[in-house]
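Here is a short report on one protein structure. Keep the model open while you read, and find each part as it comes up.

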Amino acid sequence: MLARCLSASLLGFDAIPVTVEVDLAPGLPGLQLVGLPDAAIQKSRERVRAALRNSGFRGPLVRVVVNLAPADLRKEGPCFDLPIALALLVASGQLDATVLRGLWCAGELGLDGSIRPCRGILAIACQAAEQKARGLVVAGEDAAEASLVDDLTVISANTLHDLVKSLKVSRELGENHPSKASILATPSAPPPPPTSSSSPNCSSPNTPLAHLPGQRVARQGLALAAAGGHHLLLVGPPGCGKTHLAHQLPALLPPLKRQESLEITRLHSIAGLTRGHGQLIRTRPFRSPHHTTTSAALLGGGAHPRPGELSLAHGGVLFLDEMAEFPRSLLDQLRQPLEEGAIWLSRSRQRCRFPSRVTLVAATNPCPCGWAGDPRCTCSELKRKRYWNRLSGPLLDRLDLQLKLEVPAADNLRHCFGEDATDLEPRLNAETILQARERMMERNPDQRTNRDLDAKALYESGQFSAETIDRWEAVVHARRLSLRSGLRLLRVARSVADLRASGSVDVADLASALCFRSFDLEQS
């Protein structure tokens with residue numbers, strides 16, 4: 001007898017529908033899996049057998065063939081345990097075939113018949129809702145996460161025995177019985193809050209930008225990065241506040257919309273970071289990989305591609321501390337994802353996508369010892385050049401804001417204790433930044449940030465005065481800026497105007513934007 005059960009396999013950010021087919025035929029007892037299963041799925045033979053036996057069901061005493069269709073798609077993970085077990089029960093006559101019609105299933109089985117959570121449930125739930133599934137069967141711990149998807153009936157159970165019992169009861173009551181949903185849904189305890197991968201909680205809109213003595217321009221650059229989504233490079237000696245500034249950025253970014261929260265939660269679910277938590281991530285991610293990280297860890301990859309630090313920072317901040325210590329080849333791989341807001345991973349048999357729209361904040365020392373321009377510096381000119389050659393020109397071209405930080409003077413250090421913070425600007429807080437972001441969303445096509453505007457959209461909606469354009473052309477010629485750098489200069493000037501609630505961009509805004517291009521003259 002042939003039985004079918006619907007499930008899905010993860011492929012990048014998406015979940016691909018998979019049909020689990022089970023066929024029983026005369027022959028020696030055994031279970032054969034076909035359809036490009038990985039090692040975890042191959043081991044499901046033993047898990048399914050033990051789970052059926054310990055749940056009070058008859059195990060197969062004939063030859064069993066399990067096919068995962070489509071056959072040319074590689075499948076991974078133990079989430080196929082549950083659909084294989086349910087299809088086996090249907091094929092052996094222990095469960096009615098109509099019960100599984102239109103149902104999607106995903107879950108790992110324990111040897112005692114318990115149903116365990118698996119990663120990527122939110123992606124599978126989104127695909128099930130898109131395919132108009134009658135319901136999605138998951139473990140009790142995954143019910144809250146799957147319920148984040150609207151217009152999808154979630155069926156959960158803690159054991160295989162309880163699940164089959166509920167499915168049989170629903171069959172006897174009929175598909176249109178008013179109490180069917182309550183019978184199928186197994187109540188579960190409130191999920192614990194997520195423990196990793198999120199940034200510090202977004203503070204109230206009035207949260208000011210913390211004071212750093214002598215770093216007024218740096219604070220302004222951080223506000224511009226939060227308002228316009230611009231990438232930021234901070235260069236300065238040790239202890240001048242680079243890391244402290246970077247950690248403040250997530251709290252200054254606008255609150256997440258529901259669609260953004262779903263995308264971020266889905267990425268972390270695919271990475272296995274939200275397993276059993278089931279709550280929507282409502283804070284901006286902040287990821288800070290070490291400079292010894294590998295390409296696969298930073299960008300994503302592996303035999304079965306998973307998101308890397310770049311994608312896990314989607315919607316938030318990717319902080320590269322000691323950027324010049326990263327391998328140049330690794331940094332150059334960030335260039336295309338930073339432009340497109342997504343990264344494509346290509347393999348010989350598959351190609352998948354992970355969103356990666358981040359605000360990049362990079363920090364580095366001016367030289368290997370960190371004290372360039374100071375009598376304490378011991379680096380030769382050759383060492384400094386080798387150090388900076390790790391940062392390619394095309395990569396620096398994509399960093400809109402480039403700032404040099406200096407060690408504050410000794411008479412400014414008392415400001416750290418709040419004795420005198422008169423140089424704090426009132427507009428550098430989350431509320432003002434949110435208002436600037438709302439203005440650009442209303443003005444720009446497709447509600448894009450200033451960072452994402454192309455030349456045509458920048459010209460049509462930027463509201464640049466004629467004098468500003470003339471000065472801009474002179475600056476581009478004098479500093480020998482590339483076309484990309486020139487357009488980024490205009491985008492930053494537009495963000496400066498938005499931050500001061502101005503409808504048009506004047507020469508003063510362009511001059512302010514030039515203050516954040518510290519390395520153009522050195523490169524030219």
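## An exposed loop residue

Lys132 sits in the loop between helix H4 (121–130) and strand S8 (135–139). This is a predicted model. Is Lys132 buried or exposed? Its relative accessibility is 72%, so Lys132 counts as exposed.

The backbone at Lys132 also deserves a look. Phi there is near 60°, a positive value in a residue other than glycine. Most residues other than glycine have a negative phi.

Gln447 is another residue other than glycine with a positive phi, near 50°. Look for Gln447 in the loop between helix H17 (430–443) and helix H18 (455–461).

Now turn to a peptide bond. Most peptide bonds are trans. The bond from Ala69 to Pro70 is cis, with omega near 5°. Pro70 lies in the loop between strand S4 (63–69) and H3.

Strand S1 covers residues 2–11, and seven of its 10 residues are buried, so S1 is largely enclosed by the rest of the structure. What joins S1 to strand S2 (residues 14–25)? The link is 10 bridges, and the two strands run antiparallel. Across this pairing, Arg4 stands opposite Glu21 in S2.

S1 and S2 form a hairpin with two residues between them. Gly12 is in the turn and has a positive phi of about 65°.

## A parallel sheet

Next comes an open sheet of five strands. Its order is S11-S14-S17-S10-S18, and the pairing is parallel. Which strands are at the edges? They are strand S11 (286–287) and strand S18 (401–404), and each pairs on one side only.

Inside this order, look at strand S14 (residues 317–321) and strand S17 (residues 359–364). They pair in the parallel sense over five bridges. Phe319 stands opposite Val361 in S17. Strands of a sheet pair through backbone hydrogen bonds.

## Nonpolar cores

The largest nonpolar core has 97 residues. Which of them touch the most other members? They are Val22, Val66, Leu82, Leu86, Leu88, Leu160 and Leu163. Helix H3 (residues 81–91) gives the largest share of this core, nine residues. Another core lies apart from it, with 47 residues, among them Ala225, Leu405, Trp472 and Leu489.

Leaving aside neighbours within four places in sequence, Leu160 is in contact with residues including Ala51, Leu52, Phe57, Leu82, Leu86 and Ile115.

## A buried aspartate

Asp509 belongs to helix H21 (residues 507–514). Its relative accessible area is 2%. Buried means under 20%, so Asp509 counts as buried.

What does the side chain of Asp509 meet? It makes a polar contact with the side chain of Arg500, at 2.6 Å. Not counting residues up to four places away in sequence, Asp509 touches Ala493, Val496, Ala497, Arg500 and Ser504.

## One cavity

Rolling a probe the size of a water molecule over the atoms shows where empty space is left. How many cavities of 30 Å³ or more does the structure hold? There is one. About 80 Å³ of space lies in the largest cavity.

Its lining includes Ser9, Leu10, Leu11, Gly12, Arg74, Glu76 and Arg119. Ile270, His304, Pro305 and Gln350 line this cavity too. S1 supplies the largest share of the lining, three residues. Gly12, from the hairpin turn, is also one of the lining residues.

Technical notes. Residues numbered from 1 in each chain as written. Predicted model: local features only at pLDDT ≥ 70, side-chain atom pairs only at ≥ 80, totals over all residues. Heavy atoms only, no water. Pairing = 2+ DSSP bridges. Helix = DSSP H or I, 4+ residues; strand = E, 2+ residues; numbered from the N terminus. Core = buried A, V, L, I, M, F, W, Y, C linked by side-chain atoms within 4.5 Å. Buried < 20%, exposed > 50% of the residue type's maximum accessible area, 1.4 Å probe, protein only. Contact = heavy atoms within 4.5 Å. Polar contact = N/O pair within 3.5 Å; in protein donor to acceptor, adjacent residues only side chain to side chain. 1 Å grid on protein atoms, 1.4 Å probe; cavity = no way out; pocket = protein on both sides within 12 Å on 5 of 7 lines; lining within 4 Å. Points joined across faces, edges and corners; volume = space filled by probe spheres on them.
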